Amino acid sequence: MPVPAPATSSAAAKAERRHSVRRLPLLTCVVIGLAVLALLMVVSASVGPLRIPLGDVTRIVWAQLGMGDGGGLSQRDVSVVWQLRIPRVLMGVLVGAALAISGAALQSLFNNPLADPGIIGVSGGASAGAVGVIVLAGGSITWLLPLGAFLAGLAVTGLIYVLARPGRNTGTSRMLLVGIAVGSGCQALTGFFTFIADDQQLQTLTFWQMGSLAKVIWPQFWATLPVFVAGLVVILLNARTLDVLTLGEREAQHLGLNVKRSRLIIIIATALLTGAAVAFAGAIGFVGLVVPHIVRIVVGPGHRGLLPISAIAGAILIVAADCASRVVAPPSEVPIGLFTAAVGAPFFLFLVVRMRKSSW
């Protein structure tokens, strides 16, 4: 007569099976993620008020890159795809990657699973700068709006750093609290600008605050590309540093890490990424908060896998949201932030309930 296995052994086996399913190899995740992202980029470039076949989108892109024949293609389709849709798709990739990887880095830096780019105040500062430009500048704000948002985000980051003054045995907790306070002040400033805005300005800033890539053009993409690349590279190069910081600042110092210098580098990099993202796409929430938690389930907490996969997953989320924003109510566009909030809020609640008995 077979002897039943002990309950504890059975539970351990089930846990092991769940563990093996969740943690996919890093290379597999990268390949699958990039394939999904590439497919979504082509689909996103084909949909909109003017629908263009996927095959034509591919031919247009190859022809513009000088690696294919563009014979027989409509000049109208070429202009729509190459001049209007490809820049916004590429900007969506950068914005999604920037917000997600910044969220992953800040959650580890502050040892706080609820940390995201908005918690250190840079998103609030960028929003206040953009809304101030809309209300005070008037007229053409094509370049003034992203410039104002970007500079305001950087200024707020500098103010937070000066007030928190790391290095006086304050740790990251003080910087977190200062960031929350300064962010609240920026929200008050945004509310004041909203209060004095006229009807036309109110419509513009309301749509901008909900997130949109509709006004992205090639010059804006090329102008911000170095900022995004620099920020992403810096955070990726600090993957091992974030692994050590996750243990706690005191433990990191005992392991020989220059905590003060590492903390400054990571905060500046995330501020650059977040400021650039908010400047051109508006205030898009939940990407930096939710995506890293989803990725941890798939690849684990190690930052060697968490950071690049978070960047890819964030890019997928924003490109998919931008694609959906153009097909739900054509020819109008639904703000991207509504989609990220609609997907992110319930999924984040699910994660909170699911992880209530375990550490993040």
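**Close-up views of a helical chain**

F221 is buried (under 20% relative accessible area, where over 50% is exposed and anything in between partly exposed, with a 1.4 Å probe and protein chains only), because its relative accessible area is 6%. Welcome to this predicted model, in which local features need pLDDT of at least 70, side-chain atom pairs count only at pLDDT 80 or more, and totals for chains, interfaces and linings use all residues. Residues are numbered from 1 along each chain as its sequence is written, and side-chain values use heavy atoms, leaving out hydrogens and water.

**View 1. F221 and its partner W222 form an edge-to-face aromatic pair.** Rings of Phe, Tyr and Trp (its six-membered ring) pair if their centres lie within 6.5 Å; planes under 30 degrees apart are stacked, over 60 edge-to-face, and the rest tilted.

**View 2. F192 and F193 make a tilted pair.** The structure holds five aromatic pairs. In the one shown here, the ring centres of F192 and F193 are 6.1 Å apart and the planes stand at 55°, so the pair is tilted. F192 is partly exposed because its relative accessibility is 46%, while F193, at 10%, counts as buried.

**View 3. A nonpolar patch lies on the surface.** Patches take residues with over 30% relative accessible area and no salt bridge, joining like charges within 9 Å and nonpolar side chains (Val, Leu, Ile, Met, Phe, Trp, Tyr) within 5 Å; a salt bridge is a side-chain nitrogen of Lys or Arg within 4 Å of a carboxyl oxygen of Asp or Glu. This patch brings together L136, L189, F192, F195 and I196, with about 560 Å² of accessible area (Shrake-Rupley method, 1.4 Å probe) in total. Helix α7 (residues 171-196) gives the most, four residues; helices are DSSP runs of H or I, at least four residues, numbered from the N terminus. F195 sits in helix α7 and is exposed, with a relative accessible area of 71%.

**View 4. The largest nonpolar core has 88 residues.** Such a core is a set of buried Ala, Val, Leu, Ile, Met, Phe, Trp, Tyr and Cys residues joined through side-chain atoms within 4.5 Å. M91, F228 and L245 have the most contacts inside this core, and helix α4 (residues 75-109) supplies the largest share, 18 residues. Beyond its neighbours within four places in sequence, L245 is in contact (heavy atoms within 4.5 Å) with residues including S108, A252 and I266.

Methods:
Helices (H or I, at least four residues) and strands (E, at least two) are DSSP runs, numbered from the N terminus.
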